[in-house]
Amino acid sequence: MGVIFLLILIPLIIAIVLLAVKSDRLRDPVVIASGIAIAAISIYFAVSHFGGVVFTPWTQAGGVEFFGQSADAGHLAEGVGIAMMVIEAALAVLIIYLGIKYKKALAVVLAAIQTPLLIWFEQTRGHDVPVSSYINIDNFSLIMILIIGVIGSMICIYSVGYMKDFSRHHAGGKDRRPFFFFMMFLFLAAMFGIVICNNMIWMYFFWEVTTLCSFFLIGYTKTDEAIRNSFRALIMNLLGGLAFVCAIIVMGNYFGTGTLELSQVLEVGVQYKIQAAAQGMANTTEPVVGLIATLLAFAGITKAAQMPFNSWLLGAMVAPTPTSALLHSSTMVKAGVFLIVKLAPVLGFNSAVSVVPGFIIGPGFLVTMVGGITFLFASMAALSQSNAKRVLAYSTVANLGLIVACAGIGTAEAVWAAIMLIIFHAVTKSLLFLCVGTVEHNIGSRDIEDMDGLFGRMPKLATFLIIGISAMFLAPFGMLISKWAALQSFIDSGDIWIILALVFGSAATLFYWTKWLGKMTAVVAARESIENKVHGSEWGILGGLAAFTVAVTVTFPFFSKGVVVPYLGVAFSDIPEKTFEALRMDNMIIMMIMAVLIIVLALLFYGRTEKRIVPLYMAGTNEGDNLTFTGAMQKDVPVSLRNWYLEEVFPEKMMNRIGVIATSVFLAITFSYVISISISLYLYIIEGGGV
Amino acid sequence: MSTVLFTFYGNELHVSHLLGAVLYIVLAPFAGGFIAGLDRKVTARMQGRFGPPVLQPFYDVAKLFGKEKITVNNGQDFYIMCSLIFMVISGVFFFAGSNLLMMIFTLTAASIFLVLAGFSSNSPYAQLGAERELLQMMSYEPMVLLAAVGLFMVNGSFNVGDIVTSDIFSFKYLVGMFIGYIFIITIKLRKSPFDLSMSHHAHQELVKGLTTELSGKTLGILEISHWYENVFLLGFVFIFFARGQILYAVLGVAVVVACYFVEILIDNGYARMKWQFTIKSAWIVTLIFGGGNLFVLYYVRTFLQQ
């Protein structure tokens with residue numbers, strides 16, 4: 001079967017085609033048709049492979065089969081490897097050129113180090129390392145394929161209408177939409193690559209492509225701000241890329257006889273953990289595995305926009321809204337958490353021992369602390385934001401923090417919570433971003449204050465926003481259930497710092513979502529509907545995503561049982577004494593029933609009243625329209641209501657600063673850990689030990 | 001006493017669970033209304049007044065139900081109805097001995113619906129009240145969750161049923177949590193100095209805050225919903241003491257009565273503070289008493305295991 005290769009090839013070919021298409025009349029059907037095709041293939045592929053068995057279509061022993069044509073795995077892989085290396089070298093030259101052009105020295109330096117480093121490694125060592133399986137697809141990869149294929153395609157289709165308005169709003173410059181759609185589809189192809197590769201050199205290739213895609217998409221408008229922010233994103237992600245290359249070098253040189261496969265590192269790490277635990281040394285990591293995991297986790301942290309690197313994702317909102325939706329929901333940041341969650345079985349830490357300085361500081365410790373701190377401070381930073389996209393961005397950073405913290409805990413139930421968070425977040429956040437995009441184009445602002453009475457002006461859109469916001473934080477909807485699961489898994493593993501971060505961060509989350517939700521539900525008198533100007537394609541996608549949001553909420557217990565638990569069964573198969581689901585099935589079903597109850601109540605009773613509707617109470621006589629009252633001296637006073645931002649108690653800058661400093665401290669500790677392991681490895685090798 | 005009615009995904013539903021739920025649904029409004037009446041009586045006496053009859057809250061609500069049917073918009077009643085439904089559900093979880101966290105999250109949902117009712121009116125007073133209510137929620141929420149975590153760590157279960165029947169005197173290990181919880185139910189019971197969003201006292205500058213735009217039956221429903229809420233907020237105090245013995249149950253009830261009396265005393269003894277004080281004091285108390293207790297618990301347990 002070669003369907004899996006189609007998932008990379010089709011978006012790639014479409015991307016190249018779209019680069020050449022200049023007219024709307026041709027582009028629209030191509031984007032819509034290929035979006036539907038990609039989604040359909042993803043669903044078909046995922047559904048036909050869900051089962052828990054790891055699917056390996058490209059192995060040394062079994063060869064590779066492409067629609068009946070089988071090829072020698074090694075030869076083909078070599079060809080692919082060379083092609084990737086050539087492209088990487090070209091991309092590095094491109095970065096260096098752009099870095100020089102825009103005077104960004106750091107980008108030049110990073111690109112000039114990491115790509116030659118990797119090429120050097122491949123020439124001297126990587127070439128000889130045998131690879132047994134190039135591609136491993138487990139249920140988690142399939143979940144990611146569904147998210148990328150379905151949500152990602154939906155965002156691309158939404159862009160068709162949105163980008164027409166966008167180029168009208170930004171008229172004057174050159175129409176760069178062919179380039180935009182090229183990047184969007186290329187992004188999808190690269191994401192499919194990341195989630196299926198077991199050969200880390202290949203994964204790195206796709207990883208770097210996503211970095212470049214986001215760089216170009218963020219800088220799309222080519223304003224000064226866009227260029228500045230795109231380079232910030234590029235530099236931070238290149239830093240992660242450098243760590244990725246270092247991880248590959250360590251894998252090839254110091255891991256047993258050398259490997260390039262993630263699966264082998266995980267297997268050895270898990271076995272070591274079990275043996276150590278049997279000898280009474282719980283939470284010990286094999287040093288080389290620890291080193292590799294730390295480097296890869298660092299790469300994941302930069303890509304997932306965790307503090308201290310969160311600023312790139314906030315800067316990314318200068319891009320057109322579909323880009324933000326794509327970066328936040330189904331691609332880019334999800335690649336970061338995907339890698340970290342993959343590593344979860346070799347992570348894990350116990351706070352009881354790790355607070356004793358120097359006693360144990362491993363990758364799990366780094367990941368958990370960075371995630372927990374990011375969740376807490378990003379949530380509190382969101383309190384003072386009135387720009388809808390910034391609220392969404394901080395919420396993304398915070399939720400990814402929670403996912404990262406769960407992965408750091410490294411138990412099966414914490415990973416269950418992490419995967420649930422990934423799913424719910426992808427669906428809901430894409431809905432919210434796209435809603436804000438449509439609102440912005442129709443009311444001319446993305447400020448929550450200007451969404452006053454949106455329920456009157458854009459009733460359907462406001463309903464979608466209400467669904468999205470509720471799903472982000474309100475019981476009994478998805479995200480809250482995952483948070484509950486996360487809390488349960490933190491308690492079970494005894495990580496008190498993270499419990500504290502979670503309870504305080506959740507309280508802040510409650511505040512900033514509800515005050516936005518309040519704005520949406522406010523019934524403001526006498527507004528005309530302006531919804532008829534929204535593109536049909538936008539409605540289709542928004543409605544679809546809203547329906548998805550509801551659907552995942554009411555079907556998740558079954559999805560958990562059928563898909564997530566089998567994955568955990570494979571990933572944690574060797575580790576004894578585990579619970580897979582953080583929540584008991586009966587509780588999940590009860591939550592599901594409550595969700596259905598809210599939906600039914602809303603459908604049956606919302607907006608129905610037989611009561612007489614009377615004017616509001618105001619500080620003076622209400623003039624009858626609920627918008628003005630008669631104040632002192634018989635003056636007409638218009639009423640305008642503003643949300644509450646608590647800047648005084650939760651200043652955004654300070655929240656960011658504390659978070660960045662705290663996470664930097666942990667990164668510094670980790671850096672010293674990496675150095676110390678590297679030195680001891682080096683000494684061990686010159687003494688002739690070999691590893 | 002415990003006959004298994006049926007099994008629901010491995011969870012046995014006993015007659016006692018069902019009995020608890022039914023008794024709560026039927027009796028809680030009466031108990032809650034009665035507590036509210038006593039509250040007003042005791043408050044009056046503290047202020048040197050005679051006070052209304054103890055059953056006054058019931059008369060008030062009965063009167064509200066007979067009022068003219070008016071509303072400011074067609075959405076508000078829906079939110080208040082949802083608020084009541086979810087309040088009752090969370091109480092049912094509690095008295096049926098179900099999961100404490102599930103109860104807390106459902107309670108949060110009920111409170112959110114109340115806040116939305118305030119927002120939906122788009123009235124200046126109600127919206128300010130709604131935002132203050134949110135601030136109050138943000139203030140008390142961490143401590144409520146931590147108290148549940150503490151009870152779990154001591155009893156090994158989140159199920160209220162297990163917590164009250166297990167032979168562990170939770171209070172002994174959770175003194176800090178208990179202090180923290182008592183601090184935040186002052187906010188939850190809307191007592192001065194934390195009655196920011198709405199108040200029974202005349203010093204409230206927001207007229208009736210969150211409830212400004214509610215009238216008649218809807219306001220009556222909200223009142224009943226408060227009665228339901230207060231009963232299990234006090235029930236939460238009780239479970240710190242329960243350990244499946246009559247003597248401790250009596251102790252629990254005595255503490256609940258004492259706590260409520262202290263709340264009334266605080267209510268009458270303080271003027272309302274600024275909102276900054278509410279959030280800061282609540283979070284600091286939560287961190288010191290709740291967080292501190294959690295650390296002690298965890299380290300003591302780890303130490304004992306070694």
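I613(A) is partly exposed, with 13 other C-beta atoms within 10 Å; by the criterion used here, a residue is buried if 20 or more other C-beta atoms lie within 10 Å of its own, exposed if 12 or fewer, and partly exposed in between, the C-beta atoms being placed from the backbone. The structure is a predicted model, in which local features need pLDDT of at least 70 and side-chain atom pairs count only at pLDDT 80 or more, while totals for chains, interfaces and linings use all residues. Residues are numbered from 1 along each chain as its sequence is written, and chains are lettered from A and ligands numbered from 1 in the order in which they are written.

**The contact between the chains**

I613(A) is found in strand β5 of chain A, where helices (H or I, at least four residues) and strands (E, at least two) are DSSP runs numbered from the N terminus. Leaving aside residues up to four places away in sequence, I613(A) touches T71(B), V72(B), N73(B) and N74(B), two residues being in contact if their C-beta atoms, placed from the backbone, lie within 7 Å. Strand β5 (residues 612–613) of chain A pairs with β3(B) in the parallel sense over 2 bridges, and strands are said to pair if DSSP finds at least two bridges between them. Within β3(B), I70(B) is the bridge partner of R612(A).

Taken over both chains, 53 residues of chain B are in contact with 50 residues of chain A. The elements giving two or more residues to the chain B side are β3 (70–71), α3 (76–95), α4 (100–120), α5 (124–155) and α11 (275–305) of chain B, and the largest share, 14 residues, comes from α5(B). By class, that side has 30 nonpolar, 18 polar and 5 charged residues, with Ala, Val, Leu, Ile, Met, Phe, Trp, Tyr, Cys and Pro counted as nonpolar, Asp, Glu, Lys and Arg as charged, and the others, Gly among them, as polar.

**The sheet of chain A**

In chain A, 4 strands form an open sheet in the order β3-β2-β1-β4, with antiparallel pairing. Because β3 (69–71) and β4 (133–137) of chain A stand at the edges, each with a single partner strand, one side of each is left without a neighbour in the sheet.

| Partner strand | Bridge partner of W58(A) |
|---|---|
| β2(A) | V64(A) |
| β4(A) | I135(A) |

Helix α3 (residues 73–101) of chain A lies across β1, β2, β3 and β4 of chain A and runs at about 75 degrees to β2(A); axes are lines fitted to C-alpha atoms, for helices over the stretch in contact, and angles run from 0 to 180 degrees between N-to-C directions.

**Core and helix α17**

The largest nonpolar core has 349 residues, and those with the most contacts inside it are F185(A), I292(A) and A407(A); such a core is a set of buried Ala, Val, Leu, Ile, Met, Phe, Trp, Tyr and Cys residues joined through C-beta atoms within 7 Å. The largest share of this core, 21 residues, comes from helix α17 (residues 412–443) of chain A. α17(A) is mostly covered, as 30 of its 32 residues are buried, and it is followed by G444(A), whose phi is positive, near 75 degrees. Among the residues that A407(A) touches are V415(A) and A418(A).
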